Amino acid sequence: MTERSRTRPARGVVWEILREVLDESAKASGRAVLDVLDAGGGTGGLAVPLAELGHHVTVVDSSPDALAGLERRAAEAAVRVRALQGDADGLLEEAGSV
């Protein structure tokens, strides 16, 4: 069994839980489309599918290579995902200043 095949079942569980939480958040907020921040989102393995659901997704990652992969993945899926290079430290302070 490869490392990748071992992570697929776990990823499916994470995706199911994430969808459930987003659905509940959307209902509670009265909005069908949510603003989602994916800190450390890398190449967009979760961000792109979230954008395909119609959510506004921002990925913050320290790796320019990962963000380039994210942009390619988003373009292939024909969705828009905002990519920012940085790290999670200080995100709340920065968000408060916008």
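Visitor: How many salt bridges does the structure hold?

Guide: The structure holds 1 salt bridge, meaning a side-chain nitrogen of Lys or Arg within 4 Å of a carboxyl oxygen of Asp or Glu. This is a predicted model, in which local features need pLDDT of at least 70, side-chain atom pairs count only at pLDDT 80 or more, and totals for chains, interfaces and linings use all residues. Residues are numbered from 1 along each chain as its sequence is written, and side-chain values use heavy atoms, with hydrogens and water left out.

Visitor: Which side chains meet in that salt bridge?

Guide: Those of Arg31 and Asp35, at 3.7 Å from N to O. Side chains of opposite charge can pair when their charged atoms come close.

Visitor: OK, the fold. What order do the elements run in?

Guide: From the N terminus on, α-β-α-β-α-β-α, with 4 helices and 3 strands. These are DSSP runs numbered from the N terminus: helices are H or I with at least four residues, strands E with at least two.

Visitor: Where is Leu22, and is it buried or exposed?

Guide: Leu22 is in helix H1, residues 3–29. It is buried, at 10% relative accessible area.

Visitor: What does Leu22 contact beyond its sequence neighbours?

Guide: Leaving aside neighbours within four places in sequence, Leu22 is in contact (heavy atoms within 4.5 Å) with Leu34, Val36, Leu50 and His55. The C-alpha atoms of Leu22 and Ala32, 10 residues apart along the chain, are 9.5 Å from each other.

Visitor: And Val21, which patch is that in?

Guide: A nonpolar surface patch of Val13, Ile17 and Val21, with about 250 Å² of accessible area together. Val21 also lies in helix H1 and is partly exposed at 42%. Patch residues have over 30% relative accessible area and no salt bridge; like charges are joined within 9 Å, nonpolar side chains (Val, Leu, Ile, Met, Phe, Trp, Tyr) within 5 Å. Areas come from the Shrake-Rupley method with a 1.4 Å probe, and for residues only the protein chains shown count as cover.

Visitor: What share of the protein is buried?

Guide: Buried residues make up 28% of the 98 residues.

Methods
Buried < 20%, exposed > 50% of the residue type's maximum accessible area, 1.4 Å probe, protein only.
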